[in-house]
Amino acid sequence: MEANPRSIGRLPAAFLTPGSSSFIDFLAGHSPEMLPGNRKLPEGIVEAPHGTTIVAATFPGGVVLAGDRRATMGNMIAQRDIEKVFPADEYSAVGIAGTAGLAVEMVKLFQLELEHFEKVEGATLSLEGKANRLSTMIRSNLGMAMQGLAVVPLFAGWDEGREKGRIFSYDVTGGRSEEHGYAATGSGSIFARGSMKKLYRDDLTEQQATTLVVQALYDAADDDSATGGPDLARRIFPIVTVITDEGFRRLTETESSDLARSITERRLEQPDGPRAALL
């Protein structure tokens, strides 16, 4: 008996047909129960670790995306060294705030979605297209968000068409907004945004932009208990990433450590951080 030419390794024929360029649409058609938003949850309030503050800032030549390392569950610290910033593809990254487990799963699905599109279409999505795909994924999680399991990421990347870094923020319904200059999300975002508002300039160098976001995270940790500051004793420092026309790059542990230590040392002299000019 001859093997079915459209069946390899017992996979159904539908799995071998490219079909839609969206992996999420493909999954929804064949295994909808695997999508995060379709998971069945117990009734009542669900307690789960939450990630907190993510910040981003643009500079001529790129964009910086960074996050603290703390996850909380109620008034408890659930994890001190969680990673909240991930590459989405070669020229973009996503930082997660909200329910940690769902957020990490959503990021992995988003990475697969972008990779699937590139393989099927033979081209990469525009940065705008990537931002729209992420918006759709967040909207599909609305049912869980209504039960307190919200995911609110910050998306940033290098726009090859416009030749500049761009930042996109979201709400729990998937509503998308482009942010100009700087942005923050998560429980400490109001403090981080206030910090960047006074220190940001549109002519920052890459080094100044990375310093700016770590200063903002420090200020957020100073006023928000759910945001973790640099932990010198445990050698836990913020994750800082840079996206330029050369692609995604994460600062090494040494680079992140040196930056956090220098800011901490300066804070011993100025606990409230650098001062902006009055005029």
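Me: Where is the place of E160?

Reply: E160 sits in the loop between β9 (154-159) and β10 (164-170). The model is predicted: local features need pLDDT of at least 70, side-chain atom pairs count only at pLDDT 80 or more, and totals for chains, interfaces and linings use all residues. Residues are numbered from 1 along each chain as its sequence is written, and side-chain values use heavy atoms, with hydrogens and water left out.

Me: Why is E160 called exposed?

Reply: Its relative accessibility is 51%. Exposed means over 50%, buried under 20%, and partly exposed in between (1.4 Å probe, protein chains only). E160 therefore counts as exposed.

Me: What makes the negative surface patch, and which residues form it?

Reply: E90, E118, E160, E163, D245 and E246 form it. Patch residues have over 30% relative accessible area and no salt bridge; like charges are joined within 9 Å, nonpolar side chains (Val, Leu, Ile, Met, Phe, Trp, Tyr) within 5 Å. Asp and Glu count as negative, so the patch made of E90, E118, E160, E163, D245 and E246 is negative.

Me: Which residues make the nonpolar surface patch?

Reply: L142, M146 and V172 make it, with an area of about 270 Å². L142 lies in helix α4 (residues 142-145).

Me: How do you know that E115 and K119 form a salt bridge?

Reply: Their closest N and O atoms are 3.2 Å apart. The rule asks for a side-chain nitrogen of Lys or Arg within 4 Å of a carboxyl oxygen of Asp or Glu. The pair therefore qualifies. E115 and K119 are four residues apart in helix α2, so about one helical turn separates them. E115 is partly exposed at 40%, whereas K119 is exposed at 64%. By this rule the count comes to 15 salt bridges.

Me: What makes R176 and E128 a link between parts of the chain?

Reply: Their side chains meet in a salt bridge, 2.8 Å from N to O. R176 lies in strand β11 (residues 176-179) and E128 in helix α3, so the pair ties together parts that are 48 residues apart in sequence. R176 is partly exposed at 29%, and E128 is partly exposed at 26%.

Me: Why are R249 and E255 called partly exposed?

Reply: R249 has a relative accessible area of 36%, and E255 has 34%. Both residues therefore count as partly exposed. R249 also forms a salt bridge with E255, with the closest N and O atoms 3.3 Å apart. Elsewhere, salt bridges that share partners join E128, D159, R166, R176 and E178 into one network.

Me: What makes the largest nonpolar core, and which residues have the most contacts inside it?

Reply: The core has 25 residues; F110, L134, F155, F168 and Y170 have the most contacts inside it. β6 (85-89), α2 (100-121), α3 (127-139) and β10 each supply at least two residues. The largest share, eight residues, comes from α2. Such a core is a set of buried Ala, Val, Leu, Ile, Met, Phe, Trp, Tyr and Cys residues joined through side-chain atoms within 4.5 Å.

Me: Why is F191 called partly exposed?

Reply: F191 has a relative accessible area of 32%, so it counts as partly exposed. F191 lies in helix α5 (residues 189-199). F191 and A220 are 29 residues apart in sequence and 4.9 Å apart in space, C-alpha to C-alpha.

Notes
Accessible areas come from the Shrake-Rupley method with a 1.4 Å probe; for residues, only the protein chains shown count as cover. The place of a charge is taken as NZ of Lys, CZ of Arg, CG of Asp or CD of Glu.
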